[in-house]
Amino acid sequence: MDKNQSAYQEEQNRLDAILADVNRRLAELQAVPVYRGPDFTEQALEAVRESSRQSLALASDEPYFGRLDFQPENAAGKSALYIGKFGVDDENGGEPHVIDWRAPVASMFYSYTGGDEKAAYESPDGLVEGLVYLKRNLVIRKQILQRVVDTYERDSDLLSGAGGDEFLLYRLGENKDNKLRDIVSTIQAEQDKIIRSAKNAALIIQGVAGSGKTTVALHRLAFLLYQYRDQVKAENMIIFAPNSMFLDYISGVLPELGVGHIRQSTFADWATELTGLSFALENPADESAVWFALGSKRPPLNDEVSGRWKGSVAFRDFLESCFDGYARTCLPQEPFHPWDGKTLPAETIGVWYNEEYKHLPPAKRRERVVARIKRWITMELDKVWDAKQKKERKTKSTQRLKAYLKGWPELDALSFYKAVFDPKSGAVWMTEELRGRIPEAVAKDTLASFRRKKVRHEDLPALVFIHASLHGIEGSERFDHVVIDEAQDASPFQIAVLDQYTRQHSFTILGDLSQGIHAYRGTQDWAELTSLFGEDETAYFELERSYRSTMEIIRFANHVLSIGVGAGLLAVPVFRSGERVKVLRVEKERESLFLRDAVERLLRRNYDTVAVITRTEEDAVRLHAQLGELGLAASRITADQKQYAGGISVVPVYLTKGLEFDAAILTDADPLRYGADAQDAKLLYVGCTRALHDLWVLYDGEPSPLVNVDDPEIVTRELPGEDNAGS
Ligand SMILES: Nc1ncnc2c1ncn2[C@@H]1O[C@H](COP(=O)(O)OP(=O)(O)OP(=O)(O)O)[C@@H](O)[C@H]1O
């Protein structure tokens with residue numbers, strides 16, 4: 001028996017033994033009737049049983065994926081640690097059968113990349129150092145052992161890391177369906193560092209396309225829930241992603257990791273609900289039509305652009321000044337007369353408002369003062385003995401209080417915000433000086449939206465900020481941890497308001513400035529965020545290895561960036577070579593026919609997900625219809641879509657962000673649609689980096705200056721014959 005066979009046999013024997021144990025324990029637990037009665041102790045026991053049932057059921061299909069033979073210093077011998085998604089204890093109190101991947105000791109499986117140095121991990125009792133003898137990857141599917149790959153063996157000629165790469169490449173070469181997956185078995189050292197970072201800091205992660213940002217953030221949530229189980233609750237954690245379809249796309253990962261109940265939302269949904277917003281949001285498609293229009297039709301991008309101005313921290317400071325003015329002046333300066341001859345002096349009301357309830361936010365202060373005035377009226381009425389007079393005074397006082405409060409209206413965030421922009425609002429706190437600070441075009445646009453009873457996405461941070469200033473923030477509204485994905489599209493103000501709602505700046509903020517296609521409202525530079533949290537409370541990471549696409553695709557995409565944006569933030573591909581990028585001239589008249597044939601050809605290669613990526617929405621509508629007429633059923637991805645179906649998609653390039661496809665065909669890569677400017681380059685870069693295995697780039701006339709046509713190593717200008725495709 002050779003070495004590989006004997007390793008396989010050894011693992012098969014162990015798997016048989018573990019599975020027998022897991023299956024027996026699962027059967028025993030399933031045989032216990034579920035307790036649904038009123039006894040608290042029994043309920044608690046049932047909860048423990050249910051959680052064991054669930055983790056054993058999950059563990060029984062794929063109990064573990066890795067093995068690490070480790071000998072701590074001063075220990076007599078080495079032990080084989082098996083690492084899986086869930087820990088499985090030995091019932092008799094011996095070494096655990098399987099160690100949870102999040103446990104401190106399991107960290108070595110990811111961080112140890114070979115070499116002669118010692119390995120180490122942080123145990124609850126301090127640093128433990130020792131020697132790793134073996135690192136082994138195991139693929140078990142539905143209880144069947146499929147692969148055994150040694151990625152490190154001490155004192156052997158196995159090149160350190162080489163097997164690890166082989167295993168990673170095997171995983172990366174797989175097709176993708178309509179859901180993102182977990183990567184527990186192949187987390188890379190640089191990703192592991194982020195996943196296991198301490199909770200109480202804002203982590204900012206700049207990662208190139210396909211570097212695993214989204215995936216890493218989800219694994220980090222699972223880690224935080226494990227490591228800080230006494231301090232954080234899943235219900236108090238939230239993931240913000242750009243749209244509902246993206247949330248659906250990533251929704252599978254956390255359940256796979258055994259984590260439930262984490263909130264997932266878009267910023268717009270969260271903000272609308274929190275503020276009880278009565279206006280609708282402007283259709284995002286209208287904004288897209290402006291900012292993703294072709295080159296010359298786009299407005300110039302500068303700091304006075306409404307989205308940038310309203311997304312800045314300076315705008316928050318401006319609103320704070322408005323708010324201070326409001327809080328100082330909102331209280332009526334007159335005394336209150338509930339009926340003729342009776343007075344509650346303005347000074348008394350002032351003391352209540354300015355001193356006694358000073359610790360409360362204005363809306364709550366108002367509530368308390370009004371309640372106190374009412375109590376005062378009741379007390380004064382109690383002094384009146386004559387029933388008729390009492391009744392008359394009661395009625396009078398109610399009318400007078402109503403009139404008095406007209407000068408002190410109850411404001412919600414929207415009415416406050418409207419008053420900021422509307423010169424006719426009569427708000428005394430909006431001084432001429434403050435009003436003069438609003439750029440004219442911004443004021444005009446905003447008022448026009450108000451007239452349509454609409455607000456824009458860019459108004460939401462302000463509305464949340466005002467809401468929090470007026471009402472304060474309840475403990476139950478605060479988050480234990482917040483993930484912001486695609487954070488380059490979030491404005492600094494948006495992140496600043498989220499920080500108000502988050503305990504101890506506990507954030508994972510991920511993005512890629514090279515994919516900042518919403519530059520008209522997003523973050524330009526991560527340093528803007530560091531200044532929000534303070535340097536000591538921020539940790540910055542860069543991920544530059546890209547795992548999604550083949551080497552050819554990444555090099556092709558990097559070229560787009562270096563022409564359109566300049567060097568910097570370029571992705572480093574993993575060594576996974578595939579087909580060359582096909583840059584093909586296809587005349588418009590035969591475009592749809594060509595596309596139909598191309599998609600069919602890709603499907604014959606057994607790809608599961610294929611995307612036709614257009615530059616504009618109109619092109620997507622047109623091509624989708626034409627392909628339908630040619631008998632190719634594809635789904636068209638739209639901005640308001642809730643789910644991603646997988647299969648064949650037709651999609652405008654700006655809606656592909658965050659998604660990935662086995663193969664992608666980019667249409668219209670010509671100079672008109674993709675000019676040599678930063679905005680177009682970012683769009684094209686996003687489009688190219690969606691493809692895992694195969695990228696086709698089509699144009700009519702001339703190719704875009706962003707497109708690499710000269711490098712025969714990574715580009716082919718002709719369609720290879722089907723039989724020798726890939727050669
Ligand atoms: N360590 C890893 N092992 C296996 N696959 C990985 C690993 N890291 C990332 N991937 C894969 O790479 C792809 C990209 O991951 P992900 O979508 O999380 O990246 P991203 O940085 O958020 O990308 P983008 O910015 O382009 O949206 C996914 O298919 C993911 O499964």
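## Nonpolar cores

The largest nonpolar core holds 153 residues, and Ile83, Ile509 and Cys688 have the most contacts inside it. Helix H6 gives this core its largest share, eight residues. A second, separate core has six residues, including Phe336, Ile349, Ile377 and Tyr404. A nonpolar core here is a set of buried Ala, Val, Leu, Ile, Met, Phe, Trp, Tyr and Cys residues joined through C-beta atoms within 7 Å. Buried means 20 or more other C-beta atoms within 10 Å of the residue's own; exposed means 12 or fewer, and partly exposed lies in between, with C-beta atoms placed from the backbone.

Isoleucine 509 touches several residues beyond its neighbours within four places in sequence: Ala202, Leu203, Ile204, Ile205, Ile484, Ala487, Ile495 and Leu529. Two residues count as in contact if their C-beta atoms, placed from the backbone, lie within 7 Å.

## Model and overall build

This is a predicted model: local features need pLDDT of at least 70, side-chain atom pairs count only at pLDDT 80 or more, and totals for chains, interfaces and linings use all residues. Residues are numbered from 1 along each chain as its sequence is written.

The protein chain has 25 helices and 23 strands. Both are DSSP runs numbered from the N terminus: helices are H or I with at least four residues, strands are E with at least two. Of the 727 residues in the chain, 38% are buried. The C-alpha atoms fill a box of roughly 110 × 75 × 45 Å along the principal axes. Among contacts between residues at least 6 apart in sequence, 75% join residues at least 24 apart.

Strands pair if DSSP finds at least two bridges between them.

Strand S18 (residues 610-614) runs parallel to S21 (residues 661-666), and four bridges join them. Isoleucine 613 has leucine 666 in S21 as its bridge partner. Five bridges join S18 to S20, again parallel. There, valine 612 stands opposite valine 650 in S20. S19 and S20 also run parallel, with two bridges between them. Serine 635 has serine 649 in S20 as its bridge partner.

Strand S20 (residues 648-652) is largely enclosed by the rest of the structure, because five of its five residues are buried. In a regular strand, side chains alternate between the two faces of the sheet. Both faces of S20 are covered: Ile648, Val650 and Pro652 are buried on one side, Ser649 and Val651 on the other.

Helix H25 (residues 678-688) is mostly covered, with 10 of its 11 residues buried. Among them are Leu683, Leu684, Tyr685, Val686 and Cys688. The buried residues of H25 pack against helix H22 (551-564), S18, S21 and strand S22 (691-699).

## The ligand site

The shell around the ligand has 25 residues; Thr186, Ala209, Gly212, Lys213 and Thr215 are the closest. Helices H4 (162-172) and H6 (213-227) are the elements that give two or more residues to the shell. By class, the shell has six nonpolar, 12 polar and seven charged residues. Nonpolar covers Ala, Val, Leu, Ile, Met, Phe, Trp, Tyr, Cys and Pro; charged covers Asp, Glu, Lys and Arg; the others, Gly among them, are polar.

An unreviewed UniProt entry annotates a "binding site" over Gly207, Val208, Ala209, Gly210, Ser211, Gly212, Lys213 and Thr214. UniProt positions follow the numbering used here, feature names are shortened, and annotations may be inferred rather than shown by experiment. Glycine 207 lies in strand S7 (residues 202-207). It is buried, with 26 other C-beta atoms within 10 Å. Beyond four places in sequence, glycine 207 contacts Lys213, Leu510, Asp512 and Leu543. Alanine 209 lies in the loop between S7 and H6. It too is buried, with 26 other C-beta atoms within 10 Å. Beyond four places in sequence, alanine 209 contacts Asp512, Gln515, Ser546, Ala571 and Thr689.

## Positive phi in two loops

Asparagine 74 has a positive phi of about 70° although it is not a glycine. It lies in the loop between strands S1 (66-72) and S2 (79-84). Asparagine 74 is exposed, with 8 other C-beta atoms within 10 Å.

Lysine 142, also not a glycine, has a positive phi of about 45°. Its loop runs between strands S5 (126-141) and S6 (144-153). Lysine 142 is exposed, with 8 other C-beta atoms within 10 Å.

Notes
Near = placed C-beta within 6 Å.
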